[in-house]
Amino acid sequence: MSQAQASAAERRTEERHPVNVTVAWTDGHRARTGEVLDASAHGMFLHPSWTPSEAIASGDVIELCCRVHGREIELKGEVCWVGHSDKHDGEGLGLRITSVAELEDLLAELKPA
(Lines give C-alpha, C1' and ligand atoms only; values in the text may rest on other atoms or scores of the structure.)
Protein backbone atom coordinates (compact mmCIF):
# COMPACT_ATOMS: atom_id res chain seq x y z
CA MET A 1 0.00 0.00 0.00
CA SER A 2 1.43 3.39 -0.95
CA GLN A 3 1.72 6.21 1.58
CA ALA A 4 -1.14 8.05 -0.16
CA GLN A 5 -3.36 4.95 0.13
CA ALA A 6 -2.43 4.50 3.79
CA SER A 7 -3.14 8.15 4.47
CA ALA A 8 -6.55 7.91 2.79
CA ALA A 9 -7.34 4.75 4.77
CA GLU A 10 -6.63 6.58 8.03
CA ARG A 11 -8.96 9.49 7.27
CA ARG A 12 -12.23 9.62 9.18
CA THR A 13 -15.38 8.86 7.26
CA GLU A 14 -17.79 9.80 10.07
CA GLU A 15 -19.25 13.30 10.33
CA ARG A 16 -16.85 15.70 12.06
CA HIS A 17 -18.28 18.06 14.65
CA PRO A 18 -16.46 21.34 15.23
CA VAL A 19 -15.50 21.70 18.89
CA ASN A 20 -13.07 23.76 20.91
CA VAL A 21 -11.99 21.82 23.96
CA THR A 22 -8.79 22.51 25.88
CA VAL A 23 -7.02 19.28 26.80
CA ALA A 24 -4.07 18.10 28.79
CA TRP A 25 -2.30 15.26 27.01
CA THR A 26 0.78 13.13 27.21
CA ASP A 27 2.69 10.93 24.84
CA GLY A 28 4.19 9.07 27.81
CA HIS A 29 7.25 11.32 27.94
CA ARG A 30 5.95 14.73 28.94
CA ALA A 31 2.76 16.53 29.83
CA ARG A 32 1.41 18.86 27.17
CA THR A 33 -1.67 20.94 26.44
CA GLY A 34 -3.66 21.70 23.31
CA GLU A 35 -7.10 22.06 21.80
CA VAL A 36 -9.37 19.54 20.15
CA LEU A 37 -10.83 21.37 17.15
CA ASP A 38 -13.08 18.65 15.75
CA ALA A 39 -14.35 15.24 16.82
CA SER A 40 -16.19 12.36 15.20
CA ALA A 41 -17.38 8.92 16.31
CA HIS A 42 -13.84 7.47 16.25
CA GLY A 43 -11.37 10.32 15.95
CA MET A 44 -10.37 13.90 16.51
CA PHE A 45 -7.98 16.63 15.43
CA LEU A 46 -5.64 17.88 18.17
CA HIS A 47 -3.89 21.21 17.78
CA PRO A 48 -0.94 21.23 20.23
CA SER A 49 -0.21 24.43 22.15
CA TRP A 50 3.30 24.32 20.76
CA THR A 51 5.33 22.24 18.33
CA PRO A 52 6.54 19.16 20.20
CA SER A 53 10.31 19.06 20.61
CA GLU A 54 10.37 15.28 20.32
CA ALA A 55 9.05 13.68 17.19
CA ILE A 56 5.53 12.33 17.38
CA ALA A 57 4.81 9.75 14.71
CA SER A 58 1.99 7.73 13.29
CA GLY A 59 1.26 4.82 15.61
CA ASP A 60 2.24 6.63 18.83
CA VAL A 61 -0.28 6.33 21.66
CA ILE A 62 -1.33 9.42 23.59
CA GLU A 63 -3.62 10.00 26.56
CA LEU A 64 -5.88 13.04 26.79
CA CYS A 65 -7.84 14.58 29.64
CA CYS A 66 -10.70 16.86 28.59
CA ARG A 67 -12.67 19.04 31.00
CA VAL A 68 -16.18 19.78 29.77
CA HIS A 69 -18.93 21.34 31.93
CA GLY A 70 -16.90 20.60 35.08
CA ARG A 71 -16.49 16.93 34.16
CA GLU A 72 -13.16 15.28 33.31
CA ILE A 73 -13.18 12.77 30.47
CA GLU A 74 -10.06 10.72 29.82
CA LEU A 75 -9.36 9.38 26.33
CA LYS A 76 -6.72 7.20 24.72
CA GLY A 77 -5.81 7.55 21.09
CA GLU A 78 -3.42 6.53 18.39
CA VAL A 79 -1.73 9.09 16.15
CA CYS A 80 -2.81 8.49 12.54
CA TRP A 81 -1.05 11.46 11.00
CA VAL A 82 0.96 14.53 11.93
CA GLY A 83 1.07 17.64 9.80
CA HIS A 84 -0.76 20.62 8.38
CA SER A 85 -4.55 20.71 8.30
CA ASP A 86 -6.01 22.99 5.64
CA LYS A 87 -9.37 22.80 7.43
CA HIS A 88 -7.88 24.18 10.65
CA ASP A 89 -5.12 26.23 9.01
CA GLY A 90 -2.42 24.86 11.26
CA GLU A 91 -0.32 21.93 12.39
CA GLY A 92 -1.79 19.14 14.42
CA LEU A 93 -2.39 15.48 15.05
CA GLY A 94 -5.09 13.29 13.55
CA LEU A 95 -6.09 10.78 16.22
CA ARG A 96 -7.99 7.50 16.17
CA ILE A 97 -9.63 7.29 19.60
CA THR A 98 -9.51 3.81 21.10
CA SER A 99 -11.58 4.62 24.20
CA VAL A 100 -14.84 4.79 22.25
CA ALA A 101 -17.25 4.92 25.22
CA GLU A 102 -15.40 7.91 26.67
CA LEU A 103 -15.41 9.64 23.28
CA GLU A 104 -19.18 9.10 23.09
CA ASP A 105 -19.46 10.71 26.57
CA LEU A 106 -17.41 13.69 25.37
CA LEU A 107 -19.53 14.16 22.24
CA ALA A 108 -22.71 13.91 24.33
CA GLU A 109 -21.41 16.61 26.72
CA LEU A 110 -20.63 18.89 23.77
CA LYS A 111 -24.02 18.62 22.06
CA PRO A 112 -26.12 21.77 22.34
CA ALA A 113 -29.00 21.51 24.80
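**View 1. Three residues form the hairpin that joins β2 to β3.** The model is predicted: local features need pLDDT of at least 70, side-chain atom pairs count only at pLDDT 80 or more, and totals for chains, interfaces and linings use all residues. Residues are numbered from 1 along each chain as its sequence is written, and side-chain values use heavy atoms, with hydrogens and water left out. Strands (E, at least two residues) and helices (H or I, at least four) are DSSP runs numbered from the N terminus. β2 and β3 pair in the antiparallel sense over five bridges, where pairing requires at least two DSSP bridges between two strands. G34 stands opposite P48 in β3.

**View 2. β3 and β6 run antiparallel, joined by four bridges.** L46 stands opposite L93 in β6. Five of the six residues of β3 are buried, so this strand is largely enclosed by the rest of the structure. Buried means under 20% relative accessible area, exposed over 50%, and partly exposed in between (1.4 Å probe, protein chains only).

**View 3. The largest nonpolar core has 22 residues.** Such a core is a set of buried Ala, Val, Leu, Ile, Met, Phe, Trp, Tyr and Cys residues joined through side-chain atoms within 4.5 Å. M44, L46, L64, L75 and L95 touch the most other members. At least two core residues come from each of β1 (17-26), β2 (31-39), β3 (43-48), β4 (61-68), β5 (71-85), β6 (90-97) and α2 (100-110).

**View 4. The structure holds zero disulfides.** A disulfide is a pair of cysteine sulfur atoms within 2.5 Å. For C65, the nearest cysteine sulfur is that of C66, 6.8 Å away. C65 is partly exposed at 23% relative accessible area, whereas C80 is buried at 6%.
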